[in-house]
Structures are given as C-alpha cells and as structure tokens.
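Reader: I have the sequence and the coordinates open side by side, and I would like to go through them with some care. Could we begin with the overall make-up and then turn to particular residues?

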Amino acid sequence: MWGRTIARGLTERGHAVKVIFTRIGNRQNFMHKRIADLGVVVEPLCYRVNEPDYPGDLARFIDFWRPNVVLIDNRERMEDVFPLCDRLRSRETKVVFIVHCQGCPTSYLDSLRPYLWKVICVSERATATLKAFEPVVIRNAVYPPPETGEDVRDKFSIPREGFLLGYLGRADENKGPALLFDALRDNDHWLL
C-alpha cells in the first residue's frame, strides 16, 4: 500500500514514476494489478531479481530512463547493479532506502551504505537503532498509547469488563473488513 500511495501521490503532482516488483507476488496479485492500473509498472523487469541478467537490464533501464531517485526497500542486488549503471556510479541517480518498520538490522543497511544517498524511516521508532544513517523520519500522526489504555475506557464510558477491540489499523478493502463485521455481529462489543 505504501508503494501505491507514493506512486499515485507523486504522479498526481507531476512526477514520472516507475514501479518494479522485484521479489514478492506475481502479476495476478491484487497489489500488482492495482499499481499496474496506475500505468507505472515496468512489466519486463518485474519478479526477475534473481535472474542472472537482471542487474544489467536494470542498469540499462536506469541509464535510459534517467530517474533522479531510486527508492528501494530491499537490497535489490545494488552491489551488482551499481557498477553497471553510469547514473548510479556518477550519483546522478540517487538511491534511497525506505525502512518500513522497527527492527531493520543495521548490518543490512551497512551492506548498502556505499550505494545509499539517504535512508527514510516511516516509523519514528525505527530511527532509534538507525541513527548512524541519519535517517529522514516521516512522522506518523498517531500519538503513543497510554500505558494501560484504561483512560480510553474511561473517556468513552466503556465498562472495565466490556470486550474492547481497540486497534484495527487502516480500514482498507484488502484487510477484509466484512469478515471483522461478521465476527462482531450479534456480540456485545465496543469498537474504537
């Protein structure tokens, strides 16, 4: 979802965006289809990261398309692509790593350090262990929960013994909200 949000947002603001699925999924996957519907997927390069000719093909694509930035969230064989790509070697195209969650090992990023321009964390908690990479933090708008959560019950007059489902995350069709609603139907519950 973050990839689709970024691709759509940048495209709507006039930026040219290309997406290459490298590891997970397939062309029939709902997420592939949703991003392909935006018209930004580079189909010939998708799901080929483990093929021997992938680094050269990706390097040629970057040199031909001439992007300013390449966003990655895996190693993406940068150690193989980098020496083959004029734009990466000259730093005309910058490599940005996006850390999605807390717990990204520094050793993982250390192996990418020679190729990276910037590290972006989409979680404030992730920055604690990545200070050596001077990450840019996309601050989330969710305040940390109180220690026990009891003040939430008090605020909404929810009985202490009442069944409470307190966090769902983003309400999105791919999370199957219909299943959740079916599970809660005909039960006494409090839903925040």
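**A walk through the predicted model**

Reader: In the protein chain, what share of the contacts with a separation of 6 or more comes from residues 24 or more positions apart?

Author: This is a predicted model, and its protein chain has eight helices and six strands. From the N terminus on, these elements run α-α-α-β-α-α-β-α-β-β-α-β-α-β. Among the contacts with a separation of 6 or more, the share that joins residues 24 or more positions apart is 48%.

Reader: Which element gives the most residues to the largest nonpolar core?

Author: The largest nonpolar core holds 29 residues, and those with the most contacts inside it are Leu88, Phe97, Val99, Leu109 and Leu112. At least two residues each come from helix H3 (54-65), strand E1 (69-72), helix H4 (78-81), strand E2 (94-99), helix H6 (106-112) and strand E3 (116-121). With five residues, the element that gives the most to this core is H3.

Reader: Which residues does leucine 109 contact, leaving aside its neighbours within four places in sequence?

Author: Leucine 109 is listed with those that have the most contacts inside the largest nonpolar core. Once its neighbours within four places in sequence are left aside, the residues in contact with leucine 109 are Phe97, Val99, Cys104, Leu116, Val119, Leu130 and Phe133.

Reader: Which strands form the edges of the open sheet?

Author: The open sheet consists of four strands in the order E1-E2-E3-E4, with parallel pairing. An edge strand pairs on one side only, and the strands for which this holds are E1 and strand E4 (136-137).

Reader: Over how many bridges do E2 and E3 pair?

Author: Within this sheet, E1 and E2 pair in the parallel sense over four bridges, and leucine 71 stands opposite valine 96 in E2. Valine 96 in turn stands opposite lysine 118 in E3, while phenylalanine 97 stands opposite valine 119 in E3. For E2 and E3, which also pair in the parallel sense, the number of bridges is five.

Reader: Why does lysine 94 count as partly exposed?

Author: The place of lysine 94 is in strand E2, which is mostly covered, with five of its six residues buried. Residues under 20% relative accessible area are buried and those over 50% are exposed, so a value in between is classed as partly exposed. Lysine 94 counts as partly exposed because its relative accessibility is 28%.

Reader: How far apart are the C-alpha atoms of lysine 94 and valine 70?

Author: Not counting residues up to four places away in sequence, lysine 94 touches Asn68, Val69, Val70 and Trp117. Valine 70 lies 24 residues from lysine 94 along the chain, and the separation of their C-alpha atoms is 6.1 Å.

Reader: At what distance from the ring centre of tryptophan 117 does the charged end of lysine 118 sit?

Author: Two lysines have to be considered at this ring, and lysine 94 lies over the face of tryptophan 117 at 5.5 Å from the ring centre. The charged end of lysine 118 also sits over the ring of tryptophan 117, and its distance from the centre is 4.0 Å.

Reader: Are phenylalanine 82 and tyrosine 115 buried or exposed?

Author: The model has four aromatic pairs. One of them is the tilted pair of phenylalanine 82 and tyrosine 115, with 4.9 Å centre to centre and 50° between the planes. This pair links distant parts of the chain, 33 residues apart, with phenylalanine 82 in the loop between H4 and helix H5 (86-89) and tyrosine 115 in the loop between H6 and E3. As for their accessibility, phenylalanine 82 and tyrosine 115 are both buried.

Reader: Which helix is included in what covers the buried residues of H1?

Author: Helix H1 (residues 2-12) has Arg4, Ala7 and Gly9 as its buried residues, and just after H1, glycine 14 takes a positive phi of about 95°. The cover over the buried residues of H1 includes helix H2 (30-36).

How values were computed:
Residues are numbered from 1 along each chain as its sequence is written. This is a predicted model: local features need pLDDT of at least 70, side-chain atom pairs count only at pLDDT 80 or more; totals for chains, interfaces and linings use all residues. Side-chain values use heavy atoms; hydrogens and water are left out. Contact means heavy atoms within 4.5 Å. A nonpolar core is a set of buried Ala, Val, Leu, Ile, Met, Phe, Trp, Tyr and Cys residues joined through side-chain atoms within 4.5 Å. Buried means under 20% relative accessible area, exposed over 50%, partly exposed in between (1.4 Å probe, protein chains only). Two strands pair if DSSP finds at least two bridges between them. Rings of Phe, Tyr and Trp (its six-membered ring) pair if their centres lie within 6.5 Å; planes under 30 degrees apart count as stacked, over 60 as edge-to-face and the rest as tilted. A charge sits over a ring if NZ of Lys or CZ of Arg is within 6 Å of the ring centre and within 35 degrees of the ring normal.
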